[in-house]
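Hi,

Here is the model I said I would pass on.

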Amino acid sequence: FIYNSKGAFDASALDEIDFVTQLTQTIHTSPSDDSGQDFKKFFPIFMWLLRDVHLSPTIDGRKVSARQYFTEKVLKHERGMSKKTRARQQLREMFMETFQKYDAFTLPMPHANNEMLRQLGSIPRVQLEREFNHQLHSLYTQIMHDVKCKVLFTRTASGGEQYTQCRGPHLAQWIEQCVESVNDPNKVPQISSMTAAVMGNVYRECKKQALQQYEKLMRDGLERRRQGDEKRALDEKDIIDLHITVLDSVLSHSGATLQPPKSDTASNAINEEQLKTFQELMEAIGHDKDANAIGKRGIMYQVLTQNRALSKQSCEVFLSEYFERNMQTILEKSQDYEIRHVIEKFKALESEYHAKCSGPAKNECWAEFQSKRMKEALQFFEQCKGFNLQILRKEEEAAAQREQERLLKQEFESHKQQSQQQKQLMQNELKRMENQRKAEMEQQQLNLRHAQQRLTDLQNSHN
C-alpha cells in the first residue's frame, strides 16, 4: 500500500492517515475477533511516499533514511495530555498494530522548470532531473524486492493460520465481496468470512470450468475413436479408458484447485467447501474410485447409455441386413440347398458379426438372434425340405462350445481390462497426491515465511 503525499514528515502528518482508524473500526478479521490482533496477518506493507522533497531527512545533524526519520520522529511516542496529542498517540499505536511492515521514501522534484513540470506526462524521462530518475529507480527496485504475492488469510478449525495465494480469480471475487459488504450498511466486513466466501466462489467457478473442459475433451475423444461416424458404437472399456485419461488431464489443469488436502490438520470452512465442490464435480462427471462403478451417474452415465443404444441399434441392423442378404435366398429356394449350406452361412455370420460389431449390446443381440431368428430359419428349412437332425444337433453343440469359449475369453479380457483401469486410477491418484503433498508443503512454507516476517517486523518496530 503506497500512500502518496506532499509536504513533510512530522507529527501533524499523522492526521493524514487517520483513515487507518476508520478502516479498523469498520472491518473485523473474523466474527469472534474484536481486538484487531490479526490485522497484521493480512494487511499489506505500508509505504509512505513523500514527493517533491527538497531537503534530505536529518536527525541531530545526521543524514538518515526516510524510514528511520519516519520511525524516530513521526511514530515516536508523544507526551502530552491534550485531546489532539492523545488522538495522535492512539493513531500511532493503531498504525503499528495494523500494518505487517512499514517504510518511507522520498522523491525530489522531477524538474526545477515549471514549464517542464506542466508537460511532465509527455516529456522523455531522460530530460528529468538526474537525482529524480535515480531515486525513482531506487523506489522501483525496493518495491519489486519487497512486494510479495497477495495472500488471503483465514483460521483453521484448530485455531491455526492458513494463507492462500491470491491470484486473478481470487482478486476478482474478493473485490466483489468487498463492494457487497461496503454497500450493505448492516453488514460488517469480516476478512476471514470474506476469504471463505471468495474461495467458495472460486471453487464453484473452477468446477464449472472443469466440467466444460471434461465435456469438450470427452466429446473430442469419442469423435476420434468413432472416426467421424457418430452412430458407431464403442466398447465400454475404450470409453472408460478415455474417461480416466480425460479426468486426469482435467484435475491437472482446470480442476487442480478443487482437490482437497489429504490431512485434516488444516480443516476449516474453506477446506470443507473445497471438498464439497470436488465431490459435486465427481458426481456430475460420474466418476468413482472403483473402475466398475464408473458411469453409474452423471455425464458418464449419459455417455454409456447412449453408447449402449448405439450398440444395440448397430448390432440389430447388421444381423438383419446380413440375414436378408445371405439367408433369405436359401430359405426361399430351399430345394436348391442342403442343411450344410445353412449351417455354413450361420457360421460365417457368427464370425463376421463378432469381428465387425462392438459395444455392450453385442452379446445380448447375438443371443436374441440365435434364440429367435436363427431357430425360426432352421425350423422353416426343416418343414420345407427336411434333414438329418443329428447333423443339426452336432452343429448346435459346436456352436454352443464356440460361444462358451468366446464368453470365457471375453470375461478374462474384461477382468484384465478392469484390473488395468483400476491400476491406472491408482497411479493417477498417487501422482495427484504427490503433487498435492508438494503443494501443501509449499503452503506450510508460505505460512512459516509469513510468521517469520511478522516476527522480524515486530522486532524492527521495537528497534
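First, the ground rules. This is a predicted model, so local features need pLDDT of at least 70 and side-chain atom pairs count only at pLDDT 80 or more, while totals for chains, interfaces and linings use all residues. Residues are numbered from 1 along each chain as its sequence is written, and side-chain values use heavy atoms, with hydrogens and water left out.

The sheet

Helices (H or I, at least four residues) and strands (E, at least two) are DSSP runs numbered from the N terminus. There is an open sheet of 3 strands in the order E1-E2-E5, with parallel pairing; two strands pair if DSSP finds at least two bridges between them. Its edges are E1 (2–6) and E5 (102–106), each of which pairs on one side only. From one strand to the next the twist averages 20°. Axes here are lines fitted to C-alpha atoms, for helices over the stretch in contact, and angles run from 0 to 180 degrees between N-to-C directions.

E1 and E2 (residues 46–51) pair in the parallel sense over 5 bridges, and Leu 49 in E2 is the bridge partner of Asn 4. Asn 4 sits on the uncovered face of E1 with Ile 2 and Lys 6, whereas Tyr 3 and Ser 5 make up the covered face.

Helix H2 (residues 66–74) lies across E2 and E5, running at about 120° to E5. The buried residues of H2 are Ala 66, Tyr 69, Phe 70, Thr 71 and Val 74. Buried means under 20% relative accessible area, exposed over 50%, and partly exposed in between (1.4 Å probe, protein chains only). What covers those H2 residues includes E2, E3, helix H3 (83–98) and E5, where contact means heavy atoms within 4.5 Å.

Two residues with positive phi

Asp 52 and Asp 60 are worth a click. Asp 52, in the loop between E2 and E3 (58–59), has phi near 55°, a positive value in a residue other than glycine. Asp 60 also has phi near 55°, and is found in the loop between E3 and E4 (62–63). Are they buried or exposed? Asp 52 is buried, with a relative accessible area of 19%, while Asp 60 is exposed at 74%.

The cores

A nonpolar core is a set of buried Ala, Val, Leu, Ile, Met, Phe, Trp, Tyr and Cys residues joined through side-chain atoms within 4.5 Å. The largest one has 29 residues, and Tyr 214, Met 218, Ile 239, Leu 281, Met 282, Ile 285 and Met 300 touch the most other members. Helices H7 (191–225), H8 (236–252), H9 (269–285) and H10 (298–332) each give two or more residues to this core. Take Ile 239: not counting residues up to four places away in sequence, Ile 239 touches Met 218, Leu 222, Leu 234, Met 300, Val 303, Leu 304 and Asn 307. A second, separate core of 22 residues includes Met 327, Leu 331, Cys 357 and Ala 361.

Ala 361 is in the loop between H11 (339–356) and H12 (362–384) and counts as buried at 5% relative accessibility. Ala 361 and Ser 311 are 50 residues apart in sequence but 5.4 Å apart in space, C-alpha to C-alpha. Leaving aside neighbours within four places in sequence, the contacts of Ala 361 are Arg 308, Ser 311, Lys 312 and Tyr 353.

Ser 254 and the cysteines

Ser 254 lies in the loop between H8 and H9 and is buried, with a relative accessible area of 18%. What does the side chain of Ser 254 make a polar contact with? The partner is the side chain of Gln 213, at 2.3 Å. A polar contact is a pair of N or O atoms within 3.5 Å; within protein, one must be able to donate a hydrogen and the other to accept it, and residues adjacent in sequence count only if both atoms are side-chain atoms. Beyond neighbours within four places in sequence, Ser 254 is in contact with Cys 206, Gln 209, Ala 210 and Gln 213.

Cys 206 is itself buried, at 6% relative accessible area. With a disulfide taken as a pair of cysteine sulfur atoms within 2.5 Å, the count comes to 0 disulfides. Cys 365 is in no disulfide, and the nearest cysteine sulfur, that of Cys 315, is 4.8 Å away. Cys 365 is buried too, with a relative accessible area of 3%.

Cheers
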